[in-house]
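Hello,

Here is the structure I promised to pass on. My notes on it follow below.

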Amino acid sequence: MGIVISIPSQQLEFYSDNGNITRRYNISSAGKGVGQQYGSFCTPLGKHVIRAKIGAGQPVNTVFVRRRPTGEIYTPELGASYPGRDWILTRILWLSGCEPGFNRLGQVDTMRRYIYIHGSPDSVEMGKPGSIGCIRMHNSDLLELFDLVDAGAGVEINNT
């Protein structure tokens, strides 16, 4: 079981244990492209694992800040009150790099960069880059993926 994310196609594919693609979702990666450096606001490439699954049992559109629910539920009105805010909603799959010097440790550490697969407002367009580094998904898609994938599952982010 694992996940492959293609930056050019802006898609996430979920593979079952037998190696078959069982789900395909549109995503939104970083508006600034790909990159490994801390502070770049780019999506990191390479082999990762899901270090933690956060938000199980929370209502759809739960707002997270620093991986904790704020008590808010996202609405378009709340969104209009905070224009430009990068909303992290519903669930979080926190990624950790597996390749020392490339996406693990030092200034390229994916986990210390707080790179997630997370939910977004329904109004956020998928299929084109727009995040500040994370992988955004529609909430309904993320809920499905969250239930399918285990902590420790592999995630490959590629530029092909």
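**T62 and its surroundings**

The side chain of T62 has a polar atom 2.6 Å from the backbone oxygen of P59. That is a polar contact (a pair of N or O atoms within 3.5 Å; within protein, one must be able to donate a hydrogen and the other to accept it, and residues adjacent in sequence count only if both atoms are side-chain atoms).

Before the rest, the ground rules. This is a predicted model, where local features need pLDDT of at least 70 and side-chain atom pairs count only at pLDDT 80 or more, while totals for chains, interfaces and linings use all residues. Residues are numbered from 1 along each chain as its sequence is written, and side-chain values use heavy atoms, with hydrogens and water left out.

T62 sits in strand β5 (residues 62–65). Helices (H or I, at least four residues) and strands (E, at least two) are DSSP runs, numbered from the N terminus. T62 is buried, because its relative accessible area is 2%. Buried means under 20% relative accessible area, exposed over 50%, and partly exposed in between (1.4 Å probe, protein chains only). Leaving aside neighbours within four places in sequence, T62 is in contact with P69, E72, I73, I88, L89 and T90. Contact means heavy atoms within 4.5 Å.

**Helix α1**

L78 lies in helix α1 (residues 76–81). L78 counts as buried, because its relative accessibility is 17%. With neighbours within four places in sequence left aside, its contacts are V63, E72, I73 and W87. L78 and R68 are 10 residues apart in sequence, and their C-alpha atoms are 18 Å apart in space.

**Aromatic pairs and charges over rings**

How many aromatic pairs does a search of the whole structure find? The search gives 4. The rings of Y82 and W87 form an edge-to-face pair, because their centres are 6.2 Å apart and their planes stand at 75 degrees. The cut-offs: rings of Phe, Tyr and Trp (its six-membered ring) pair if their centres lie within 6.5 Å; planes under 30 degrees apart count as stacked, over 60 as edge-to-face and the rest as tilted. Y82 is partly exposed, at 41% relative accessible area. W87 is buried, at 6%.

W94 and Y116 also make an edge-to-face pair, with 6.1 Å centre to centre and 85 degrees between the planes. This pair links distant parts of the chain: W94 is in strand β7 (residues 89–97) and Y116 in strand β8 (residues 116–120), 22 residues apart. Both W94 and Y116 are buried. Ring pairs also join Y74, Y82 and W87 into a cluster.

The charged end of K53 sits over the F146 ring, 4.5 Å from its centre. R91 lies over the face of F146 too, at 5.5 Å from the ring centre. A charge sits over a ring if NZ of Lys or CZ of Arg is within 6 Å of the ring centre and within 35 degrees of the ring normal.

**Loops**

N18 is in the loop between β2 (11–15) and β3 (21–26). N18 is exposed, because its relative accessible area is 57%. N18 and M1 are 17 residues apart in sequence, yet 7.6 Å apart in space, C-alpha to C-alpha.

T110 is in the loop between β7 and β8. Is T110 buried or exposed? T110 is buried, with a relative accessible area of 0%. Its side chain and that of H48 are joined by a polar contact of 3.0 Å. Not counting residues up to four places away in sequence, T110 touches P44, H48, L95, S96, G97, N103 and I115.

Two backbone angles to check on screen. F41 is not a glycine, but has a positive phi of about 60 degrees. F41 is in the loop between β3 and β4 (46–54), and is partly exposed at 43% relative accessible area. Y114 also has a positive phi of about 60 degrees without being a glycine. Y114 is in the loop between β7 and β8, and is partly exposed at 39%.

Best wishes
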